[in-house]
Amino acid sequence: MNPRKVGLALAGGGPLGAIYELGALAALDEVLGGVNLGACDVYVGVSSGAFIAAGLANGMTPGDMYRMFIESDQADDPFEPDILLRPAVNEYLRRLASTPNLFLGALLQYVDAPFSRGFFESFLQLARALPTGIFDNSGIGDYLRALYGAPGRSDDFRELAKKLFVVATDLDTSEAVAFGAPGWDDVPISVAVQASSALPGLFPPVDIKGRHYVDGALMKTLHASVALKEGVKLLFCINPLVPFDARIASRRRSNEPASLADGGLPTVLSQTFRAIIHSRMQVGMDRYRQEYPDADVILFEPSRGDAEMFFTNVFSYSSRKRLSEHAYRHTREQLRQRADQLAPILARHGITLDTAALEDEHKTLAHLRSGRRRTRPRTLGRAATQLDRTLRDLNLLLNSGQRPA
């Protein structure tokens, strides 16, 4: 047993956040000696970070997930982004079915007291007929259930060799729930990740044990304290979303507005959302230093002048190769700049920082693309692949005149 536990906490940020985290993890994994980020003692994942944390806890390496989510054509179980964009038809129909009763109730309410209540106040309850989400997130759970059902993996928190916590928010109480903790470890990992990434308005809440859960980032950004309470002494954290500061932007993109206000409502809301979650995270970091003085927490995140990360849509998946490469290079640059500060911290935990591996400023993620190539059409499953290989080997043996063992 490792007396000085190492943990990893991953924040959310939509598909963009997961893409950034994969690039950053790849950079960290190749220069940290004495630790394997695919074999940490404790993992904590929130929202899209839960996808990555659950994969690592299931024995996948950053390279495996890079090929699965970024270089999809190289993976046996490629991630298809269209599962995130399926309309929530069942939710639409359920809400539509409630409309007649809601309308009748509103009408009776108005007729009963037309002057004291008013027309709009009486019919305001019709808002309850609006769907709670645009897209159906059940496809996420189905995909992960199949992914974790493969040999050597598990959809059960209790069967994992390492501790995994997936944080979601109870919609009715606003309380954070760490699935994987005692009393919550019987919930399938796939369902927990589905709940943790159910961004309100985009996906409907997920029903678990009769209660409804939404995105875990509603209460905290990282939930790093979950890992620290487990006795983690060195915690690596990755937060992919930071507010933008145009004054320190390294370069301006051709489609970048002169002022954030010129970018319209989406840009203003993006800056507001990022500023709120980032300031909240900074408060948490200060508190961790006071409450856990014997633990080291190391945070990696984009620069506040990173226009590439800020002006890319959080839900964009089409730019995944470019953005993961961007995250990889930026994290390597951070490691170079912070080497003198990080080296003694890491040394306290028996970990080294390979500064020689950081010297090549032009190194790319090309080494991760050299993984195992696909050997089957996408429509075939893992069982079909194994059967195909067995039949091929048997055919070779028969043609050679040998008897199979």
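Predicted model: local features only at pLDDT ≥ 70, side-chain atom pairs only at ≥ 80, totals over all residues.
Helices and strands are here DSSP runs, a helix (H or I) having at least four residues and a strand (E) at least two, numbered from the N terminus. In these terms, Ala181 belongs to the loop between strand S5 (176–179) and H7.

Ala181 has a relative accessible area of 16%; because buried means under 20%, the residue counts as buried.

The aromatic side chains come next. Seven aromatic pairs are counted in the model. In one of them, the ring centres of Phe135 and Phe203 are 6.5 Å apart and the planes stand at 55°, so this pair is tilted. Phe135 lies in the loop between helix H5 (119–122) and helix H6 (138–148), and Phe203 in the loop between helix H7 (189–196) and strand S6 (206–208); the pair therefore ties together parts that are 68 residues apart in sequence. Both Phe135 and Phe203 are buried. Phe179 and Trp184 make an edge-to-face pair, with 5.5 Å from centre to centre and 90° between the planes. The two partners may be set side by side: Phe179 is buried, at a relative accessible area of 0%, whereas Trp184 is partly exposed, at 27%. Together with Tyr213, Phe179 and Trp184 form one aromatic cluster. An aromatic ring also meets a charge: the charged end of Arg338 sits over the ring of Phe300, 4.9 Å from the ring centre.

From side chains the account turns to empty space. Rolling a probe the size of a water molecule over the atoms shows where such space is left. The largest pocket has a volume of about 990 Å³. It is lined by 44 residues, and the closest to its centre are Gly13, Gly14, Pro15, Val314 and Phe315. Helix H1 (14–31), helix H2 (48–57) and helix H9 (264–291) each supply at least two residues of this lining. The most comes from H9, with seven residues. By residue class, the lining of the largest pocket holds 29 nonpolar, eleven polar and four charged residues.

Ser47 is placed in the loop between strand S3 (42–46) and H2. This serine is not a glycine, yet Ser47 has a positive phi of about 55°. Ser47 is buried as well, with a relative accessible area of 7%. Just after H2, Gly59 takes a positive phi of about 90°.

Most residues other than glycine have a negative phi. Lys209, like Ser47 not a glycine, has a positive phi of about 55°. Lys209 is found in the loop between S6 and strand S7 (211–215).

Leu8, in strand S1 (residues 5–10), is buried, with a relative accessible area of 1%. Ala307 lies in helix H10 (residues 307–310) and is buried, with a relative accessible area of 5%. From C-alpha to C-alpha, Ala307 and Phe244 are 7.3 Å apart in space, and they are 63 residues apart in sequence.

The cysteines complete the description. A disulfide requires two cysteine sulfur atoms within 2.5 Å, and the count by this rule comes to zero disulfides. Cys40 is buried, with a relative accessible area of 1%, and Cys237 is buried, with a relative accessible area of 0%.

Conventions: Residues numbered from 1 in each chain as written. Heavy atoms only, no water. 1 Å grid on protein atoms, 1.4 Å probe; cavity = no way out; pocket = protein on both sides within 12 Å on 5 of 7 lines; lining within 4 Å. Points joined across faces, edges and corners; volume = space filled by probe spheres on them. Nonpolar A, V, L, I, M, F, W, Y, C, P; charged D, E, K, R; others polar. Buried < 20%, exposed > 50% of the residue type's maximum accessible area, 1.4 Å probe, protein only. Phe/Tyr/Trp six-rings, centres within 6.5 Å; stacked < 30°, edge-to-face > 60°. Lys NZ or Arg CZ within 6 Å of the ring centre and 35° of its normal.
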